[in-house]
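Below is a set of questions and answers on one model. Look over the sequence and the structure before reading on.

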Amino acid sequence: MNKTAIYQQETICAPATPQGTGAIAVIRVSGADAIAVAGRVFKGRNLAEADSHTVHFGTLRDGDRIVDEVLVTLFRSPRSFTKEDSVEISCHGSDFIVREILKLLVRNGARLAAPGEFTQRAFLNGQFDLVQAEAVADLIAADSEASHRTALNQLRGGFSRQLSGLRAQLIHFASLVELELDFGEEDVEFAGRDDLKQLILDLKAVVSPLIESFDFGNAMKEGVPVAIIGSPNVGKSTLLNVLLNEEKAIVTSIAGTTRDVIEDTLVLGGVKFRIIDTAGIRETSDVVESMGIERSRRAMEKADVVIFLFDSEDTFRELEGLAEGLDSKKKVVWVRNKVDLISPLPRAAPGSTDRPQFTGIADKVLEDKSKAVGDMAVIPALRISAATGLGIPELRETLLDAVQQTPGSRTVVTNMRHYEHLLRTREALDAVLDGLGMGVTGDFLAQDIRLALHHLGEITGAIVTDDLLDNIFSKFCIGK
Ligand code: GDP
């Protein structure tokens, strides 16, 4: 890769901290001349003579003009993130100063870095494999404990190490099978077919769970989609507000292209949840009935977890119809709201005012409802009162349980690109197995093995093309 060699000659610079005012900002410089470029504008210790991993106080100067007082941290190749000579300049955190310093560096021999270029160099210089490079991006974007854990696991080697090991064994087999081809007509078999079959099965045993983990991994990264479904007036928006206020962690209201996709996200116990179709929930109840059902179905389709909310036998029956034929992979939580109206709450301790006291009216409602509803208590459902907060902690626990029954702490695939290549790998492995079963000739086997190797290699970066690299690293922001 010639392009690579050229890149490594050039010295690049970029802000490593986000735009805006802060106590400090950091500017990264990396490349063959990084120390020389910084040395040209830094007045303080002579950087050319300074040791790796040392910090120096001084001023940055544009001729006689002092641009800022800074700390310069020095990393000598190969002991840096990019493995090149690198300098990090900590300056005062103003966009103006950062711009001035970048201008100064560019005038003195550096150029502005492309998005992800630091990480790309780190990858090209063997700091880590491609899965890990991509995990750097995920780690920075992680906004919940679970997505952070997943990204960190991948950064530390995660599944790519495992795949690399098996790939190496497969390469060995591929070469044995291809050696057989060299012998042409002679009926030789260097690659033991039973051993090959066993290796393919071992590989499939690693690849398949990774493929299956993708849905879960994606949910962890993007947020587990949750739908709150119920008839008008059962308390959906009240519940939504309680959940959102419960944790003061309303992250965003993402407005999409249509109001259909307005979503709220909340983080419970380190897991991010995405409430589907917040717009539909918040809408007043005068929606045309058929539209309400249609909308509910769409929300359910998108959800991994469905909360069925009802407050009476009638509203329960309405849900039963909707719940029929629901994809069995979805986690369903039945929740009965407004229990404050139905069962008298345990009376608050004398003198306490933190629980609403229910009067004869509530007791009357209880009586009426019991008659109308029959023995509602037999419907197994979580009992809550969105209005008083009763049962909300239990609902939170239930939501967490619903997602944590899935893969646990093992490795999880979160990246669409990895997922695709894992699928292709498995297809190729199945083709090898079929071939072995039918006793096909070595050249057919070799072809499918090569294909599996190719896709495995694309995941870990053992096989890379410039297009692929550009595609991956251009998604990073500048300075990473
Ligand atoms: P939605 O149409 O399903 O979104 O229902 P809302 O959240 O708008 O609630 C409908 C009505 O029920 C409102 O007047 C709420 O104050 C009331 N409500 C919601 N939850 C409870 C509850 O737990 N107990 C009582 N008593 N009223 C509730």
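A residue counts as buried when its relative accessible area is under 20%. The model discussed here is predicted.

Q: Is Phe308 buried or exposed, and what is its relative accessible area?
A: The cut-off for a buried residue is under 20% relative accessible area. Phe308 falls under it and is therefore buried, with a relative accessible area of 0%.

Q: How many aromatic pairs does a search of the whole structure find, and which class does the pair of Phe308 and Trp334 belong to?
A: The search finds 5 aromatic pairs. In the pair of Phe308 and Trp334, the ring centres are 4.8 Å apart and the planes lie at 35°. Planes under 30 degrees apart would be stacked and those over 60 edge-to-face, so the pair of Phe308 and Trp334 is tilted.

Q: How many residues apart are Phe308 and Trp334?
A: Phe308 belongs to strand 12 and Trp334 to strand 13. Their pair links distant parts of the chain, the separation being 26 residues.

Q: Which class does the pair of Phe310 and Trp334 belong to?
A: The ring centres of Phe310 and Trp334 are 6.2 Å apart, centre to centre, and there are 65° between the planes. The class for planes over 60 degrees apart applies, so this pair is edge-to-face.

Q: Why does the pair of Phe310 and Trp334 tie together parts that are apart in sequence, and how many residues apart are they?
A: Phe310 is itself buried, with a relative accessible area of 1%. Because Phe310 lies in strand 12 and Trp334 in strand 13, the pair ties together parts whose separation in sequence is 24 residues.

Q: Which residues form one aromatic cluster?
A: Trp334 pairs with Phe308 at 4.8 Å between ring centres and with Phe310 at 6.2 Å. The cluster is made up of Phe308, Phe310, Phe316 and Trp334.

Q: In which sense do strand 12 and strand 13 pair, and over how many bridges?
A: Strand 12 covers residues 305–310 and strand 13 covers residues 331–336. Phe310 stands opposite Arg336 in strand 13. The pairing is parallel, over 6 bridges.

Q: Which helix does the chain pass through from strand 12 to strand 13, and what is the hand of the crossover?
A: The chain leaves strand 12, passes through helix 12 (residues 313–323) and reaches strand 13. This β-α-β crossover is right-handed.

Q: Which residue of strand 14 is the bridge partner of Arg336?
A: Strand 13 also pairs with strand 14 (residues 382–383), in the parallel sense over 2 bridges. In strand 14, the partner of Arg336 is Arg383.

Q: What is the strand order of the open sheet of 7 strands, and which are its edge strands?
A: The order is 3-4-5-6-2-1-7, and the pairing is mixed. An edge strand pairs on one side only, and this holds for strand 3 (42–43) and strand 7 (111–112).

Q: Which residues stand opposite Cys13 in strand 2 and in strand 7?
A: Strand 1 and strand 2 are antiparallel, with 4 bridges between them, whereas strand 1 and strand 7 pair in the parallel sense over 2 bridges. Cys13 is buried, at 0% relative accessibility. Opposite Cys13 stand Val29 in strand 2 and, in strand 7, Leu112.

Q: Which residue in the hairpin of strand 1 and strand 2 takes a positive phi?
A: The hairpin has 6 residues between the strands. The positive phi, near 115°, belongs to Gly20.

Q: What separates the C-alpha atoms of Cys91 and Asp68?
A: Cys91 is found in strand 6 and counts as buried at 1% relative accessibility. Cys91 touches residues including Ala23, Ile27, Asp68 and Ile101. Cys91 and Asp68 are 23 residues apart along the chain, and the separation of their C-alpha atoms is 6.7 Å.

Q: Why is helix 4 largely enclosed, and how many of its residues are buried?
A: Helix 4 (residues 117–124) lies across strand 1, strand 2 and strand 7, at about 130° to strand 1. Its buried residues include Phe118, Ala122 and Phe123. Helix 4 is largely enclosed by the rest of the structure because the buried residues number 7 of the 8.

How values were computed
Residues numbered from 1 in each chain as written. Predicted model: local features only at pLDDT ≥ 70, side-chain atom pairs only at ≥ 80, totals over all residues. Heavy atoms only, no water. Pairing = 2+ DSSP bridges. Contact = heavy atoms within 4.5 Å. Axes fitted to C-alpha atoms, helices over the stretch in contact; angles between N-to-C directions. Right-handed = clockwise from strand over helix to strand, strands pointing away. Buried < 20%, exposed > 50% of the residue type's maximum accessible area, 1.4 Å probe, protein only. Phe/Tyr/Trp six-rings, centres within 6.5 Å; stacked < 30°, edge-to-face > 60°. Lists of a residue's contacts leave out its neighbours within four places in sequence.
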